[in-house]
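Colleague: I am new to this structure, and I would be glad of a friendly tour. Could we go through it together?

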Amino acid sequence: MAQKSLMWRLGPLWSLVSLLLIVYAVTLVNSRLGEGIQVQMRYALVNLVIVVALQMFIGTSGVLSFGHVAFVAVGAWTVGLLTIDPELKRNLLPDMFPFLFDVQAPWLVAVILGGLVGGLLAVIVGPFLMRLNGLQAGIATFALLGVVSQVLTYWSSIGPRSGQSMVGIPDVLDLQTTMLITLVIIVIAWLFQRTKPARLLRAAREDPIAAAASGINVVPQRVIAFAVSGVVAGVAGGMFALTNRVLQASQLGIELTFITLAMLVLGGVLSLSGAIVGALVFSLIDLVLVQLQSGVDIGSFVVSIPQGARPIVLALVLIGMLLWRPSGLTGGREFVWPFRKHAPLPGNPVTND
Amino acid sequence: MSQLLQSLVDALSAGATLGLAALAIGLVFGVIRLANFATGEIITAGAYTLIFTWQLGWYISIPFAIIVAVLLSLLMELSVFSRMRAATPATLLIASFGLSFLLQRVYELAFTNNVQTAPVASELAQSISIGGVRIQMLSVATILLAALLLTGLQLFLTRTSLGLQLKAAAADFKTARLIGIPASRVIGLSFALSGILAAAVAFVTTVQTGAVGPTFGVPITILALVGAVIGGIDKISGALAGGFLVGFATSMLASWLPQDMSNFKDAYVFMLVIGVLLMRPQGLLIRGRGAVRT
Amino acid sequence: MSNADKGLSVVDLTVAYNGVPAVRGISLEVPAGQAIGLIGPNGAGKSSTLLSIMGAIPRGGTVLVDGIDIAGLPPEKVVRKGVSLVPEGRHVFAELTVMDNLRLGAVGRRDKSGYAEALENVLALFPILSEFSARQAGLLSGGQQQQLAIGRSLMADPDVLMLDEPSLGLSPTAVDAVFEALDVIRGLGKAVLVVEQRAEFTIAFCDRTYVLHDGEITLTLKPEDANNVDVLTQAYFG
């Protein structure tokens, strides 16, 4: 019995370790490939954290959310406001509430606060939105994104005037630190999967009727998942702010929502491995495409693709994936202990493909 | 008083436009549970066609725009959605997002990111004065066009066999197939009609702006989709009414909110949407509970 | 074609949902001019059997209609081969008129010219539909809706008529009316396959009744078994 429980503990732990190793290895390789690729890798890791946040909610609850980028946006805003130099704020963001001019925080504290603000927003709206299902939930979360985007675009009391950007965010986050934050987030997401709310939600997602019959009320569990994933999305927003160093609400809207959802679908919605593999593969394809757009020497030939072809290829990858392998690259499975045959994570179905 | 009348006509026209767009989405959703976000790119395709061919004369340009919109709509079905019959509405929506994104980038590659302009039906851009009330010709034309299309659609759906088949399939696709209505026929028909409606939306919005860019159809599609869902996307009339409501509300808010608040008009509309979804998740026009099949 | 071939013949039919078997290789004969019953508890696989014959869900095995294999056809084509299903819960088009419902039933006809005659026959069989022809189908009573659903299926002029729990939720008089109509339809030489929960009633009415249990046919009963308590108990409790 003790042995069995040891296996049960070690098997899934392997899935965590392998994910951490993959992210570490990909980052390490890319860090050797020059300045430009390093910068792209930092953005890739930020996207990866957003995708992990999406997976923590969508994959666990089965409810569609187009709203997580709203949490990313408020997280980014928080970090921007807390890290820009007070003098700069006074000059560039003159309409802001005066108290915001002097609030400052070290970048790491700011990022954590950004996460908490994201989580707070999720906790406030969650009890309402989490009562909805299917398309209705999708539209309602989308509406949330719409409201947040509008407020951040136009409300100059908490940011720039409309059409302007928030600038002057300090350059403190290098690739290595970005990776460390990402690894911590992956551990948090992995731990979350094993909590009671997450297990209940997975059970309810697989068999709603049985879950209802056994008296599981999914709404509070969903709110918890929404809030925790909101924190992670907020942290991702903070990372984005420190990586991009210029903030505009339009960067954190429908397009980012689409791209991160595409990454999740590519990898497989139902597993954490899916989120990570999807984000990495998508980013690697993107990386190659960027190189190709500027031309790559192969022997005596220069291979290049036209400007603008990159997003087209990425969209085709998503559509092709939905057509031919709708359960994603990982098929909803976690990585398993290589000495055992494919066993799904407890509570995760091997979905139809 | 005159200002009220003016804003009322404008709101009716905005409602009519969004109602048509929501109907374009609702017709397809009723049959195959696809809320097609890429309807926006059909609108954009129609709009580009109008801009590029307007100098050939309206009698060429308008039919051409309709043909392009219908063909693009059918192409979407044949190339992507017909291969996804087993997918859930959420997955279909994501696929349509992908298609929308793809086509926007294709437009960008073909026609650049800059807007293309042409004075499409510029006669309609004037306003006329009736008893001291200034009224946009375009608003009147939009309302008339919508009335005409809706009457035509209603006659088609109730008086012709093909229309009845579509109506039956939109109400209950499974049963429709079981009694012998061919799936491919009604699905194709719904995409074609959706294309025609999108072309109509393209016409009125292109006249209004005279300028078309790669993301031209996106804002209207967002509002139309949202409207269709709150009206009850399961029913053709629900989608229409919801789209109208959102268009009407947005226009009224734009006319009557003070300047510094009218920037937030979409935010108010979205909050309204969340409120409606919470109170009536099945849609404003759908009676009873649990009518939504998702 | 010999008369013996007329009707529906199912050989070794299997249905599975996500790998879980629901129907495990059953064989049925529904000859022309006979009514055949299929009874069994909930979840026995009755509806799956009918839906898979229609091609609405994937199946294994062979289905012959008047001796012709209908493998791989979608529902709308199966209707055109002469098989029609009156679905469980009736599913009339509630917002359309009674007449429009009947008109839609004729979409699946093989022979379009027989439309007027078919309509006349259906209205003769169910006079109430004639009276309420312009009324919205959703406003009819349950029994009337069932008559409309059967009439709609008959408009396709099927050789094989299948009904999924036609008595569900109906009053005793309405049930009688439905089965009287089925008797007439059987008399017209059509093959009738009725899925039911009400065992006694079905066994007495049908020329032969199969008992389905956990995806397998466990018994075949004759009308005279309807009063045999032992047989009925065995049918339901294995």
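Modeller: Let us begin with a term: two residues are in contact if their C-beta atoms, placed from the backbone, lie within 7 Å. This is a predicted model, where local features need pLDDT of at least 70, side-chain atom pairs count only at pLDDT 80 or more, and totals for chains, interfaces and linings use all residues. Residues are numbered from 1 along each chain as its sequence is written, while chains are lettered from A and ligands numbered from 1 in the order in which they are written.

Colleague: Among contacts in chain C between residues at least 6 apart in sequence, what percentage join residues at least 24 apart?

Modeller: Chain C has nine helices and 10 strands, which are DSSP runs numbered from the N terminus (helices are H or I, at least four residues; strands are E, at least two). Taking contacts in chain C between residues at least 6 apart in sequence, the share that joins residues at least 24 apart is 70%.

Colleague: What radius of gyration does chain C have?

Modeller: The radius is taken over C-alpha atoms, and the globule rule is 2.2 Å times the number of residues to the power 0.38. For 238 residues a compact globule would have a value near 18 Å, and chain C agrees with that, at 17 Å.

Colleague: Which helix of chain B gives the most to the side that touches chain A?

Modeller: Here 34 residues of chain B are in contact with 32 residues of chain A. Helix 4 (89–111), helix 9 (218–231) and helix 12 (265–279) of chain B each give two or more residues to that side. The top contributor, with 15 residues, is helix 4 of chain B.

Colleague: And which helix supplies the largest share of the side of chain B that touches chain C?

Modeller: There, 15 residues of chain B are in contact with 22 residues of chain C. Helix 6 and helix 7 of chain B each supply at least two residues of that side. The largest share, six residues, comes from helix 6 of chain B.

Colleague: Are helix 1 and helix 10 of chain B roughly parallel or roughly antiparallel?

Modeller: Their axes, lines fitted to C-alpha atoms over the stretch in contact, are compared by an angle from 0 to 180 degrees between N-to-C directions. Helix 1 and helix 10 of chain B pack at about 150 degrees, with axes 6 Å apart. Angles under 35 degrees count as roughly parallel, over 145 as roughly antiparallel, 65 to 115 as roughly perpendicular and the rest as oblique. Helix 1 and helix 10 of chain B are therefore roughly antiparallel.
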